[in-house]
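Here is a short report on one protein model. It covers strands, cores, a surface patch and salt bridges.

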Amino acid sequence: MAEDKNISYLNKDFGDFKSALQQYAKTYFPNTYNDFSEATPGNMFIEMAAYVGDAMSFYLDTQTQENFLLYAKEKENLYAQAYVMGYRPKASYAANTTVDIYQLLPTSSGTPNPSPDYTQYGLIIPANTVLTSTSTGIKFLTTEQIDFTNTGSAEITYASNEYYLIKKSVPAISTEVKETTINVGINQKFVTANIVDTNILQILNVTGSGGINDIWYEVPYLAQSSIFKKIANPTYSTDQVPYLLQLQRVPKRFVSRILSDNTLQLEFGAGLTSNKDSKIIPTAENIIYGSVPGISLINNNYNEASVFYTQEYGLIPSGSLTVKYLVGGGINSNVVVDDLTIIDTSNVTFPSGITGITANFVKSSIASNNPFPAVGGRDGDTVEEIRQNALYSYSTQLRAVTKDDYIVRALSMPADYGAVSKAYISQDLYSNPQETVTTLQQNNPLALDLYILSYNSNKQLITASTTLKNNLVTYLNQYRMATDAINIRDAYYINIGINFDITVLSGYSNKDILTACISSLKDYFSIDNWQINQPLSLSDIQNKLLQVRGVQSVVKLEVTNKQGGDYSQYGYDIAGATKNNNIYPSLDPAIFEVRFPNTDIQGRVVVS
């Protein structure tokens, strides 16, 4: 019978392995080998074996470490684990800024008081218009269309008897469009194609050989068969919502991922184009299509892709595909103020169709400038950023779980579908919801009420339109838990005015101090600083006034309610809502707003 020998399996480094081997030889071969000096051939073989054990132990520890997101160090492994966790690493970050676009407008003829002729000579400057940095040559793209025929948000910066200089602002990002063609072969399941470039930001579109109708859509995962689709809103002129939000099923789909060498990889599905991609009704007989039979069907993993669709993870492409994508960003894309002065006007049009010398002059008058520096541009994610972002992504999984999650989701809905400016959420307080309420799920006693408001073109609070609410319902449905129900309700806005009297220290100009006080309150009451159900502190207002250098005392401070006309239709008892020097909003979620700061904030300097 073989002898049981005591072997240690806990050795990790060269010294431990060498000591263990020497001890093993002393224990089991005391008479065969007993010379353990450094210069002997036997010691050489012991050290060689210890070296092999040390190297194998190192590689074993390293490979084990690379399997855990918290400890992995190799970028390629981190990228793979990040995608598993639901986070998409970034190869680059684009800088962004706000650009002012100018155009000259001739005065309208035949009127006693000449005004800008928006109707005939107003230009349309499309989204994705190219701007170029004067100093660096870096390209920027506008993210929204500018319509000079629409007087909303237009600012007149210069006026004469013949022309007005009109300004509008638009966001811009440091990027440019590139195009390439990829060949994907024929009938290859889950085929991949790589785009080799630097600072790739995202895919714009992918089209096949069938033309503009042969479109492939990007999805987060191939098993996801629906995307958000933008549809032009026919009532845009009245509700100021550019697009309607709908869900569209897309059999032609792909996923993209950035690899560790910053290559962009596209992967397509495994469905055959000869099969019709249609929805089937699940029954007890066909529910097992696509599943792997097991010992018990109860334990089978059913998914939407295998149950509801004849295709598996989208169609297989064939031949060549044309890919348009965005590149840019990086640390060098952060340009200084007054640098984006070169604008491409090749796609600018007159909606009125007017032509002639005046029209050509107006088109040549287009100018651009960035009043703020472009910031935010930097290189792609570092190893530690990928690790931390992946951990965060896994914990959230894009689902709205808490009340705050729903607020953030509502506020983050893209502005193309209507901008939610203010949001507040609470437990459903109504047993019978209002008739105008838009709901995600009705008759749920555990429903939440999401109160929202929007802005008009002057950044003043207004009630959200029905179109915006419907878009919000479609948007939130993709992120809410199945058991959650959300009632979309209108919050109230209470318009107020501020009247104050102050005394001024000797040696200071009354006019300058009064102007500084009004400016301080304008900043304090900026609508960006206020949220629904936030009380108004009279002490804070007094402190703001007293912090203005030169103010001796606040003699009087009065808050009044503004109602009717251009103000809110809802009146409010300010005196009745005041307690302990605080003005509280109503039980119905409401927000205080100084609607016209230039006229609603009034002050006087009095003699003490």
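Helices are DSSP runs of H or I with at least four residues, numbered from the N terminus. The model is predicted. Helix H2 spans residues 41–65 and gives the most to a nonpolar patch, with three residues. The patch is made of Phe14, Tyr51, Val52 and Met56. Together they have about 420 Å² of accessible area on the surface.

Val52 is found in helix H2. Its relative accessibility is 43%, so Val52 counts as partly exposed.

## The nonpolar cores

Nonpolar side chains tend to be buried together in soluble globular proteins. The largest nonpolar core here has 38 residues. Ile496, Ile498, Phe500, Phe525 and Leu536 have the most contacts inside it. Six elements each supply at least two residues of this core: strands S23 (448–455), S26 (492–504), S28 (551–562) and S31 (590–593), plus helices H11 (510–524) and H12 (538–546). The largest share, seven residues, comes from S26.

What does Ile498 touch beyond its neighbours within four places in sequence? Its contacts include Leu521, Phe525, Ile541, Leu557 and Val559. Glu558, Asp600, Ile601 and Gln602 are also in contact with Ile498. A second, separate core has 28 residues, among them Val191, Trp216, Phe254 and Leu264.

## Strand S15 and its partners

Strand S15 covers residues 253–258 and is mostly covered, with five of its six residues buried. S15 pairs with strand S12 (residues 215–218) in the parallel sense, over two bridges. Tyr217 stands opposite Arg253 in this pairing.

S15 also pairs with strand S16 (residues 264–268), here in the antiparallel sense over five bridges. Val255 has Glu267 in S16 as its bridge partner. S15 and S16 form a hairpin, with five residues between them. In the turn, Asn262 has a positive phi of about 70°.

## A three-stranded open sheet

Three strands form an open sheet in the order S27-S30-S29, with antiparallel pairing. Strands S27 (536–537) and S29 (578–579) stand at the edges; each has a single partner strand, so one side of each lacks a neighbour in the sheet.

S27 pairs with strand S30 (residues 582–583) over two bridges. There, Leu536 has Ile583 as its bridge partner. Leu536 is also among the residues with the most contacts inside the largest nonpolar core.

## Salt bridges

Side chains of opposite charge can pair when their charged atoms come close. The count here comes to 16 salt bridges. In one of them, Lys18 and Glu38 meet at 3.4 Å, N to O. Lys18 lies in helix H1 (residues 14–28) and Glu38 in the loop between H1 and H2, so the pair ties together parts that are 20 residues apart in sequence. Lys18 is buried at 13% relative accessible area, whereas Glu38 is exposed at 57%. Salt bridges that share partners join Lys18, Glu38 and Glu47 into one network.

Asp449 and Arg489 meet at 2.9 Å, N to O. Asp449 is buried at 0% relative accessible area, and Arg489 is buried at 1%. Arg604 and Asp501 meet at 2.7 Å, N to O. Arg604 lies in strand S32 (residues 601–605) and Asp501 in strand S26, so the parts tied together are 103 residues apart in sequence. Arg604 is partly exposed at 49%, but Asp501 is buried at 6%.

Key. Residues are numbered from 1 along each chain as its sequence is written. This is a predicted model: local features need pLDDT of at least 70, side-chain atom pairs count only at pLDDT 80 or more; totals for chains, interfaces and linings use all residues. Side-chain values use heavy atoms; hydrogens and water are left out. Buried means under 20% relative accessible area, exposed over 50%, partly exposed in between (1.4 Å probe, protein chains only). Two strands pair if DSSP finds at least two bridges between them. Patches are made of residues with over 30% relative accessible area and no salt bridge: like charges are joined within 9 Å, nonpolar side chains (Val, Leu, Ile, Met, Phe, Trp, Tyr) within 5 Å. Accessible areas come from the Shrake-Rupley method with a 1.4 Å probe; for residues, only the protein chains shown count as cover. A salt bridge is a side-chain nitrogen of Lys or Arg within 4 Å of a carboxyl oxygen of Asp or Glu. A nonpolar core is a set of buried Ala, Val, Leu, Ile, Met, Phe, Trp, Tyr and Cys residues joined through side-chain atoms within 4.5 Å. Contact means heavy atoms within 4.5 Å.
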